[in-house]
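Reader: I'd like to learn how to read the charged pairs in a model like this one. Could you walk me through it?

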Amino acid sequence: HEGRGPAPRWSALNLCRLVERAGLDADKRAVVCDGESRTYAELRDRMVRAGRGLAALGVTPGDRVAVLARNCLEYLELELAIAHAGGIMVPLNYRLAEAEIATLLGRSRSRVVVVDAASSSVVAGLRPQLAALSAAVGLPEAPSEHVDIEYDDLCAGDAPPISVEPRMEDPHEITYTSGTTDTPKGVVWTHGSVMWNSIQQCMDYDISSRDSNYVLNDLYYVGGRHDFTWPLLHQGGTVHIRRSGNFDARAVMRYLSENAITKVLLFPVMLFELLRLPDLLDYDMTSLTTIMSGGEPVPVATIDRITTAFPGTDFIQVYGLTEGGASVTFLSGADARRKMGSCGKAGVHNEVRIASDDGTFVGPDVVGEVCVKGPTVTPGYWNDPERTAEAIVDGWLHTGDLGRTDEDGFLYIVGRKKDMIISGGMNIYPKEIEDVLGTHPAIAEVAVIGVPDPKWGERVCAVIRPEPGADIRDEDITALCAGRLASFKKPTVIHLVEAMPRTASGKVQKQVLRDRLATPASDTEVSA
Ligand code: ATP
C-alpha cells in the first residue's frame, strides 16, 4: 500500500490475512496457473486495484457481482476484490446453458458480471432474456446502462481508496449447489463462514506455509476455493490452479510429482481415473502428504486401493455440502482402515447429529437425517426464506442426507433422502449395495437406484459401468451378493452403461438414471 494511503483494516479474515501474509511473504508465490504466478504482494496489490475499480464502476456494499469464468490466475484475486468493494460474489458454473445462467443472474440480481473470453458471447446474448425474466417475475426492468470494461483496465486505473469494512455476518458469496437432486440453490457464505472454514481446515489438516495444493476442480465450486485453497493462502502456502478442462490422470500425476505438491483434493471420479493408470506407482509422490476426497460416497474398494497405492500419504475423506461448509466431517488417514466407509467425525467447531422423521435426535446406529450445527453453516438461501426455514431449524441444518453414527461418533452416510429406495415397505440404502458390488473386479463403477415396480413400489436396480472389455453376468452379481446382502436388497434389474451421467462437479446424477429407467419392469425380469 506504499504511496496509496493507509492499509485497509478488515474484520474479514480472508482479506486481512492476505494483507498480513503479503507483509510477511511479499515475494513468495501465492498463486500459480499455467506457468504464470503472482506473489503475495502482487495478489494484494491487484486485489486492492480491482476492488477500487469495481467500486468506481458502481459496485456498492451488498451488490452482487457474478463471475462466469473458467479457472485462471485472476479468479482468486477477483474474489478478494469483490469482497474489498463490499460486494457479494456469485460464482457461476460456466457449463450451464444460457437460460440457466440467465436464471441465476436474475435470481441473484447481479449488478456486474465478470466474464472470461470463452463465455463473453454467452453473456452478450443474455440481455433480452434477463429483461424478459425481470418482467416475468414482476421486477423492474434491468438497468439500461451497459458498461463493458476489460479486467486489466479495471485494475489499471487509480480509483480512490475504499473505506468499506465487511463484517463477519455480511455475505461473502452466494454459491449455487451442484444441482444433483434439485435446481441449484443459492447458498450464502458469510465472511465469518469463510474464516471459520479456513481455521477449521488449518487445524484439522495441519496446513502451514510449507504447503502447496493443486486445484483440479473448478473454482466456481465451493470445493475449488474452500477446500485447501483459502486455508492455505491464509497460512502463506502456494496454490497451483489447473486450467478448467478434461481430467488427464497422467498429466495430473506428473504435475503433482514435478511441483512437489503437498495437498490435493480428488473427487471419487478422479480417483477412478488415477487407479486405471498402469504406471501409477512410477511417480515420485514423496512430497504429497494429503489426498482429500468426498463430495459423494467414496466406494470402500476405491479407498482400499488408494491407501495401498499411496502408503505414505494421508487419505482424508470429507463430508461437506455447500450449505454446511467445505468439510463438515473428516476421516483421517489413521482411521481410514479402522473406520472403512465412514466419513469421519465433525471438525473442531462443528456438531453433527442424526434426526428421526419427527425431528428428535437419535443415538448411535440408528439411520436418520444428518443435521449440522456450527459456524460454517449457512445463514440461509439467498432471498428464499421458505427453503431456509425448511432447512435450518433451531440453528440445525437439515442436510437431506441419511446417515448414522457409531459408538465412537463416526458418521456413515448411507445416501440422500431422495435416493432411498422403499421396496415392499423396507428402506434400502443404495450405498450399502454399491459397496458390495464395487468390490467386483469387472465393475468399474456402480450406482444403485430404485425403479418403479407395480407390486413392491420400487425394486433395486444396479446401473453398472463395466471395466473395458469385461463381461458381467447375472450369476456373478447373484454370487457376489450371496451372504452379504439380505435378499430384498439384491438388485433385480442390472443395467449396463458406458458412462454415468454426472453433474459439472462430477457427481452421479441418480435422478437422470431414474428418469431413464422409469418404465416399470415385470416381476421376474432381469435386464442386462
Ligand atoms: P443439490 O443440493 O443441488 O442437489 P448437491 O447436494 O450435490 O446439489 P453440494 O452442496 O455440491 O450439492 O453437495 C453436497 C452433497 O454431496 C451432500 O449433501 C451429500 O449428499 C454429498 N456428499 C458430500 N460428501 C459426501 C461423502 N463423503 N459421502 C457421501 N455423500 C457426500
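This is a predicted model: local features need pLDDT of at least 70, side-chain atom pairs count only at pLDDT 80 or more; totals for chains, interfaces and linings use all residues.

Reader: Which residue forms a salt bridge with Glu 432?

Author: A salt bridge is a side-chain nitrogen of Lys or Arg within 4 Å of a carboxyl oxygen of Asp or Glu. For Glu 432 the partner is Lys 489, with the closest N and O atoms 2.9 Å apart. Glu 432 sits in helix α15 (residues 430–437) and Lys 489 in the loop between α16 (474–481) and β25 (493–496), so the pair ties together parts 57 residues apart in sequence. Helices (H or I, at least four residues) and strands (E, at least two) are DSSP runs, numbered from the N terminus.

Reader: Is Lys 489 buried or exposed?

Author: Lys 489 counts as buried, at 15% relative accessibility.

Reader: And how many salt bridges does the structure hold?

Author: The count is 33. One of them joins the side chains of Asp 218 and Arg 95, at 2.9 Å from N to O. Asp 218 is in the loop between β8 (212–215) and α9 (222–226), while Arg 95 is in the loop between β4 (88–92) and α4 (98–108), so this pair links parts that are 123 residues apart in sequence. Asp 218 is buried at 9% relative accessibility, whereas Arg 95 is partly exposed at 43%.

Reader: What about Glu 273 and Arg 276?

Author: Their side chains meet in a salt bridge too, at 3.8 Å from N to O. Glu 273 is partly exposed at 30%, and so is Arg 276 at 41%.

Reader: Which residues are linked in a network of salt bridges?

Author: That would be Arg 38, Arg 46, Glu 74, Glu 77 and Asp 152.

Reader: Last one: where does Ser 212 lie?

Author: In strand β8. Ser 212 is buried, with a relative accessible area of 8%. Leaving aside neighbours within four places in sequence, its contacts (heavy atoms within 4.5 Å) include Leu 232, His 240 and Lys 263.

Definitions and conventions:
Residues are numbered from 1 along each chain as its sequence is written. Side-chain values use heavy atoms; hydrogens and water are left out. Buried means under 20% relative accessible area, exposed over 50%, partly exposed in between (1.4 Å probe, protein chains only).
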